[in-house]
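Please open the model in your viewer and keep the sequence panel beside it. The stops below are given in order, each with something to select and a short account of what is there.

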Amino acid sequence: MRVGRVMATAAAAGATAWLTAHATAPAVRGWSAPNRRDVGDGPLHATATALGDGPVVVALHGITASGRSFGAAFDDLPFVALDVLGFGGSMDADTEGYTRQHHLDALTATLRGIGVLGRPLVLVGHSMGAVLALHAASRLPGVMGVIAISAPLYDDEEEGLDRIARTDRLASLLATGNLAERVCTWMCNHRTTAGILWPLLAPEWPWPIAADGVLHTWPAY
């Protein structure tokens, strides 16, 4: 009986600590679910507000994220949020690979399907999405500017991995190599379970965003 009470107390304490960390996290407090509609017929999953006839903001998320990272705060803009190739709602998009060219081709086709290709665009990208936005700006017609948030601009892969290792130990373990591939493969084989466990391991993020973090495959990652 005493062991049972200790375990129950520990579980209650753990749940309280998680709820407290979650409720007080800046990202959780500052995010609310967007109210956008699915649009277009391109290879990438896209959601948008009313786009009107003027300039359009196009958002590209970072790795292991989705367009939902850009929450309701953006809904007052003429705004398109994309799930980039191989992630989120675009996890199963038909593609022959995940090179920069594949990503840019998918982006171009999607914007054409939405009907905004050639209109004045402002590209907003976070992390990996920031790099894609910078490359897309030199290719797409009508781009007025780029807002690049935390763009990982390194001279080579070694420098990038070194920066990750010095800023986030967990991320460094999962950035590349056998462990990263095993974890990714397990998530692919247990997608529903992973979609519950990952948010529990990351109370600092809104639950939907953390859950979307498992929607990718090893080739895309």
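This is a predicted model: local features need pLDDT of at least 70, side-chain atom pairs count only at pLDDT 80 or more; totals for chains, interfaces and linings use all residues.

Salt bridges come next, and a search of the whole structure finds three of them.

For one of these, select Arg36 and Asp75, whose closest N and O atoms are 2.9 Å apart in a salt bridge. Arg36 sits in the loop between α2 (26–30) and β1 (37–38), while Asp75 sits in the loop between β3 (56–60) and β4 (79–82), so this pair ties together parts of the chain that are 39 residues apart in sequence. Are these two residues buried or exposed? Both Arg36 and Asp75 are buried.

Move on to Arg68 and Asp212, which form a salt bridge with 2.9 Å between the closest N and O atoms. This pair links distant parts of the chain, since Arg68 belongs to the loop between β3 and β4 and Asp212 to helix α9, and the two are 144 residues apart. If you colour by accessibility here, Arg68 is partly exposed, with a relative accessible area of 38%, whereas Asp212 counts as buried at 9% relative accessibility.

Then select Arg139 and Asp105, whose side chains meet in a salt bridge at 2.6 Å, taken from N to O. Arg139 is located in the loop between α4 (128–137) and β6, and Asp105 in helix α3 (residues 100–114), so the contact ties together parts that are 34 residues apart in sequence. Arg139 counts as partly exposed at 36% relative accessibility, and Asp105 is likewise partly exposed, with a relative accessible area of 37%.

The tour now turns to the aromatic rings. How many aromatic pairs does a search of the whole structure find? The search finds five. One of them is the edge-to-face pair of Trp18 and Trp207, with 6.0 Å from centre to centre and 70° between the planes. To see what this pair connects, show the helices as cartoons: Trp18 is in helix α1 (residues 2–24) and Trp207 in helix α9 (residues 207–212), so that distant parts of the chain, 189 residues apart, are linked. Trp18 is buried, its relative accessible area being 18%, which falls under the 20% limit for that class. Trp207, by contrast, counts as partly exposed at 33% relative accessibility.

For another aromatic pair, select Phe70 and Phe74, which are also arranged edge-to-face, with 5.5 Å from centre to centre and 80° between the planes. Phe70 counts as buried at 6% relative accessibility, while Phe74 counts as partly exposed at 28%.

Conventions:
Residues are numbered from 1 along each chain as its sequence is written. Side-chain values use heavy atoms; hydrogens and water are left out. Rings of Phe, Tyr and Trp (its six-membered ring) pair if their centres lie within 6.5 Å; planes under 30 degrees apart count as stacked, over 60 as edge-to-face and the rest as tilted. Helices (H or I, at least four residues) and strands (E, at least two) are DSSP runs, numbered from the N terminus. Buried means under 20% relative accessible area, exposed over 50%, partly exposed in between (1.4 Å probe, protein chains only). A salt bridge is a side-chain nitrogen of Lys or Arg within 4 Å of a carboxyl oxygen of Asp or Glu.
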